[in-house]
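Me: I would like a close look at one part of the structure below, and then an account of what else can be said about the chain.

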Amino acid sequence: KSPKYKNRMIAACYFTTLVNGETEFRSHLIYSDDGGLNWQIGGITPETATSECEVAELDNGVLMLNMTKRSHTIRARSVAYSYDGGLTLQDQFLDKQLWGPFCQASLDSYVDKKGKFVALFANPRHLYGREDLTIQRSFDNGESWKEFQLAFKGYSGNSDLLVMQNGQIGVFFECGKIWSRDGLAFRKYDLN
């Protein structure tokens with residue numbers, strides 16, 4: 001939505017390379033300025049060991065990339081920013097507020113009825129297992145996060161957030177009684 005890059009399409013991706021016999025993971029962006037007919041490689045994360053990722057535009061036009069940290073000991077999300085419409089990524093850090101297991105998470109943003117910008121984040125909020133899918137909100141461009149809604153108590157995994165045209169938040173996610181991938185569910189909530 002930022003005027004300089006208005007209507008640019010951005011997708012969050014990751015790739016692997018083989019370096020000295022070891023697989024290296026790295027998140028990145030791709031972008032299209034012609035409605036998705038042609039795509040270009042954009043910013044690649046400065047640091048490695050990141051994979052599944054989502055991107056959202058903040059209220060100042062900056063893009064925030066939120067990534068799975070490929071570690072079974074680090075329980076935080078990796079975050080990087082693009083200040084040039086997705087061409088580069090920088091300022092990568094571990095956001096320890098967004099803790100959880102090694103799992104994909106989802107990210108989105110919207111402007112509420114009062115004109116205030118809100119970022120959304122969802123992931124299993126459990127230190128060791130894929131459990132307790134929780135939606136969090138940020139009112140300060142991701143500087144701080146507050147719990148908004150427990151979407152599923154129990155086994156849950158990958159998710160996708162969306163802001164619906166009827167003014168609700170939707171979340172589509174993996175869940176189950178025995179394992180986090182037993183089935184799929186969709187829940188919706190009022191934005192307030």
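Which residue in β6 stands opposite Leu-65?

Reply: Leu-65 stands opposite Ala-80 in β6. This is a predicted model, in which local features need pLDDT of at least 70 and side-chain atom pairs count only at pLDDT 80 or more, while totals for chains, interfaces and linings use all residues. Residues are numbered from 1 along each chain as its sequence is written, and side-chain values use heavy atoms, with hydrogens and water left out.

The strand to start from is β5, residues 63–69. Strands here are DSSP runs of E with at least two residues, and helices are runs of H or I with at least four, numbered from the N terminus. β5 pairs with β6 (residues 76–82) in the antiparallel sense over five bridges, where pairing requires at least two bridges found by DSSP between two strands. Six residues separate β5 and β6, and the two form a hairpin. β5 is also joined to β4 (residues 50–57), again antiparallel, by six bridges. On that side Met-64 of β5 is the bridge partner of Ala-56. β4 and β5 make a hairpin too, with five residues between them, and Gly-61 in its turn has a positive phi of about 90°. Because seven of the seven residues of β5 are buried, the strand is largely enclosed by the rest of the structure. Buried means under 20% relative accessible area, exposed means over 50%, and partly exposed is in between (1.4 Å probe, protein chains only).

Elsewhere there is an open sheet of three strands in the order β1-β2-β3, paired antiparallel. Its edges are β1 (9–19) and β3 (40–44); each has a single partner strand, so one side of each is left without a neighbour in the sheet. β2 (residues 22–32) meets β3 in an antiparallel pairing of three bridges, with His-28 opposite Ile-44.

An open sheet of six strands runs in the order β8-β9-β10-β11-β12-β13, also with antiparallel pairing. Here β8 (106–111) and β13 (183–190) stand at the edges with a single partner strand each, so one side of each has no neighbour in the sheet. The strands next to each other in this sheet are turned by 20° on average, direction ignored. Inside it, β10 (residues 131–138) and β11 are antiparallel and joined by six bridges, and Gln-136 faces Glu-147 of β11.

Salt bridges (a side-chain nitrogen of Lys or Arg within 4 Å of a carboxyl oxygen of Asp or Glu) number three in the whole structure. One of them joins Asp-33 and Arg-8, whose closest N and O atoms are 2.7 Å apart. This pair links distant parts of the chain, 25 residues apart: Asp-33 is in the loop between β2 and β3, and Arg-8 is in the segment before β1. Asp-33 counts as exposed at 52% relative accessibility, whereas Arg-8 is buried at 19%. Another is formed by Glu-24 and Arg-26, with 3.5 Å between the closest N and O atoms. Glu-24 is partly exposed at 25%, and Arg-26 is buried at 18%. Asp-132 and Lys-153 also form a salt bridge, 3.5 Å from N to O. Asp-132 lies in β10 and Lys-153 in β11, so that the pair links distant parts of the chain, 21 residues apart. Asp-132 is buried at 12% relative accessibility, while Lys-153 is exposed at 63%.

Beyond its neighbours within four places in sequence, Gly-183 is in contact (heavy atoms within 4.5 Å) with Phe-173, Glu-174 and Cys-175. The C-alpha atoms of Gly-183 and Phe-173 are 8.5 Å apart, with the two residues ten apart along the chain.

Definitions and conventions
Axes are lines fitted to C-alpha atoms, for helices over the stretch in contact, and angles run from 0 to 180 degrees between N-to-C directions.
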